[in-house]
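Start with one residue, then widen the view. The text below moves from a local contact set to the whole chain.

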Amino acid sequence: LCIGCRKCEEACNRRNNLPKPELPFTDKTPFREKRRPSVGAYTVVNQYPGSPSADQRQVKDTFCKVQCMHCLKPACVSACIVGALVKAADGSVIYNPDICIGCRYCMLACPFEIPAYEYNEPLKPRITKCEFCTDQAKKTGANPACAAACPTEALLFGNRSRLLELARRRLE
């Protein structure tokens with residue numbers, strides 16, 4: 001369902017007060033190379049040649065959003081020796097920079113290469129990643145801007161069992 005509009009990237013950028021990219025979000029040239037989340041972009045969309053499935057042969061390219069998967073059993077959380085990464089009750093994987101020691105084990109453990117490290121912050125570097133737009137200071141739960149911004153509902157947020165049910169219906 002993803003059409004490569006990059007509205008999820010823009011919404012994430014705005015919600016997390018990230019630096020504006022060199023090129024506007026309407027520009028499609030970033031698709032020329034494979035990207036991964038970074039300190040300045042918690043979510044990115046990549047383009048791949050070919051249709052996403054045999055049923056969609058008319059589709060020329062496949063677009064795929066890359067961000068933290070907020071895994072059911074996150075490797076980054078299990079690798080964190082001080083508990084700076086935790087799996088919250090709402091399903092989000094949250095980072096606490098106040099207790100992080102900067103070992104970056106989470107970066108090594110994540111099979112999706114998601115956590116990024118602020119190498120340009122020598123005094124207080126931290127890990128950055130998608131946190132489902134959870135505001136820890138205000139004690140608000142997950143409220144992902146990317147899902148709210150998606151015009152095709154390629155991104156959805158909600159109860160896991162309901163989302164799995166919808167996924168099964170879509171696959172049928």
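Beyond residues up to four places away in sequence, Asn13 touches Leu18, Pro19, Lys20, Pro21, Phe25 and Gly40; a contact means heavy atoms within 4.5 Å. This is a predicted model: local features need pLDDT of at least 70, side-chain atom pairs count only at pLDDT 80 or more, and totals for chains, interfaces and linings use all residues. Residues are numbered from 1 along each chain as its sequence is written, and side-chain values use heavy atoms, with hydrogens and water left out.

Asn13 sits in helix α1, residues 7–15. Helices (H or I, at least four residues) and strands (E, at least two) are DSSP runs, numbered from the N terminus. The relative accessible area of Asn13 is 10%, so Asn13 is buried. Buried means under 20% relative accessible area, exposed over 50%, and partly exposed in between (1.4 Å probe, protein chains only).

Cys8, Glu9, Ala11 and Cys12 of α1 are buried too. The buried residues of α1 pack against β1 (44–49), β2 (61–66) and α4 (145–149). After α1 comes Asn17, with a positive phi near 50°.

Cys12 also belongs to the largest nonpolar core, which has 11 residues, including Leu18, Val44 and Phe132. Such a core is a set of buried Ala, Val, Leu, Ile, Met, Phe, Trp, Tyr and Cys residues joined through side-chain atoms within 4.5 Å. A second, separate core has 9 residues, among them Cys80 and Tyr117.

Now the whole chain. It has 5 helices and 6 strands. From the N terminus, the order is α-β-β-α-β-β-α-β-β-α-α. Buried residues make up 34% of its 172 residues.
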